[in-house]
Amino acid sequence: MTASAIEVKTRAGSAKRRSPRVSPLILAFVFVPFAVEAVWVFWPALQGFWLSLTNWDGLSAPTFVGFGNFGDMVSDPIFRTALKNTAIWLVLFGGLSVAGGFGMALLLQKERRGVGIYRAALFTPVVFSLVVTALIWRVFYQPDGLVDSVLRGVGLGDLVRPWLADPDTALYAVIVPALWRQIGYVMVLYLAGLKAVDPALYEAARMDGASALQRTRYVTIPQLKGVNSVVLSVIVIDSLRSFDIVWSMTKGGPYHSSELLSTYMYSTAFQSTQLGYASAIAVVIFLLALAVILGYLIRAFREET
Amino acid sequence: MSNRLKTGGYHLAMGLVSFLWVAPILWVVVISFRSFDDVAANGLGSLPHSFTFSTYVQAWQDADEFRALVNSLLVTIPAVLLSLGLASIAAYGLARYNIPFRRTVLLLMLMGNLLPPQILLIPISRFVELIGYYDTLIALIAVHVGFGLGFYTFVLHGFMRDLPKEIQEAATIDGAGPGKIFASVILPLTRPALAALGALSFTWIFNDLLWSITVIRSGDKMPVTPALLGLQGLFVSSWNVIAAGTVIAAVPTVAVFLKFQKHFVGGLAIGAVK
């Protein structure tokens, strides 16, 4: 133990002595990709923040209005709907995909006959784009589609409605396909996490007479702390970014009933060309994600050292 | 006896769940082979009474999904190669050499990838217009490369950092420069991570909607994912043709997934086990 520590120390020392300067090639190796990202991400991001403080129609020069755009949001009913829907989205889409994904991972963690097929079935939708997912489900929701046929078949015919065109159901009719795709993804994350749990812990718990439920509660869940925080970050960041599925199914309608902040931002920017106000909505999305982004970064870099 | 009952119940329940999960896909595949008259007469919810390939011909030719697929590949393949190439040289420099501010650089690069894309949409659409690349596939490639770089660099950095020091020292003693060490020692050892990221980034870029509709306007330049949305306008209520188009658009990512299954799932799990 001490011997190897000394060895490491001397090696580090000699490496420093041998290469005091980094070769220009290596500097270029790091600089070029960094510059590419700077041009396509950092610089536009800074512009985005600045634009959020302006009024801009895209034709004349932007005029500085301070925090005026953020003030306007307070009295904008569509913004409030979008914010509320984003919160619903976070809770339902996020919560149910974690619950479903974790549950499925628990059920499918043990290697046994058939498990491979079940995992593959649950995972298949993850491969599709959200647009493909949206179209698959639009076929379902069509009048006289399968959903309606099944409901009529089991005698619940009076529930039938234009699912995506009814403001009361549109948002939830979009969440279902999003969940269909996300549960398999979360399941894979948890399966990887469960695999990393030391089997000896289960053995010990079993010896102490813990039931399956108790083992899950007191061994599995605490051991999955790391995975839980990754899943949480992924889910929150994904939820706030969610755009494709809503845009492909309802475009945020009808009457903004399925509007999320991301879709409202897009239509404000590219359909009504209020570029300053749209940037301000983007900043709100960023601020909502900020805590999670920072948490993710801190965790990622704690493990770096 | 009760154990066997339990096993049977487990398989019955899981089999049912699995079936329900794949059923939407199967159902759309079935609809894609039905004729228009059949759908019109019996509705989308009924069992098929016909079998035709004409839906696929229509989607492929009339809607020009062929061109959309070509566009998708013209964007996806260069974007994957470029972003993984750039990410691996950056990761190599950051992981294996004592570069000033390396942690800050890595932190910034990862942070860039975690930003919500919404904050970038307006400035980027303006920027590509300014440099004369609005409505070109090149702009779309550049956006994907720039936005993906941070994450790929971070993952590859973690992977390269864990390679043993000795191999690099041995190559240095043999007189290999940093470029040679990268190409002939480090890169070959990074192949599993590159394969995982390659499979993942292929599907991410191929499946993208937001950047495509932000940077591209002309229908004939649209990749297949956004073009699929246009199909809805083109074939109003011809859901059998739309279903065929959907199947066509899904085939490439399914193919990549089947070919790189292990890498793909492994890639998704990167970071989950940390």
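A:Lys251 counts as partly exposed because it has 16 C-beta neighbours inside 10 Å (20 or more other C-beta atoms within 10 Å of a residue's own make it buried, 12 or fewer exposed, and anything in between partly exposed, with C-beta atoms placed from the backbone). Keep in mind that this is a predicted model, where local features need pLDDT of at least 70, side-chain atom pairs count only at pLDDT 80 or more, and totals for chains, interfaces and linings use all residues. Residues are numbered from 1 along each chain as its sequence is written, while chains are lettered from A and ligands numbered from 1 in the order in which they are written.

- A:Lys251 isn't a glycine, yet its phi is positive, near 55°.
- You'll find A:Lys251 in the loop between helix H12 (244-249) and helix H13 (261-270) of chain A (helices are DSSP runs of H or I, at least four residues, numbered from the N terminus).
- A:Thr273, not a glycine either, has a positive phi of about 40°, and sits in the loop between H13 and helix H14 (275-304) of chain A.
- With 14 other C-beta atoms within 10 Å, A:Thr273 is partly exposed.

**Around helix H7 of chain A**
- In H7 (residues 146-153), A:Leu146, A:Val147 and A:Asp148 are buried.
- Their cover includes helix H6 (130-141) of chain A, along with helix H1 (2-32) of chain B.

**Where the chains meet**
- 78 residues of chain A are in contact with 74 residues of chain B (C-beta atoms, placed from the backbone, within 7 Å).
- Helix H2 (residues 24-51) of chain A gives the largest share of chain A's side, 19 residues.

Definitions and conventions:
Two residues are in contact if their C-beta atoms, placed from the backbone, lie within 7 Å. Helices (H or I, at least four residues) and strands (E, at least two) are DSSP runs, numbered from the N terminus.
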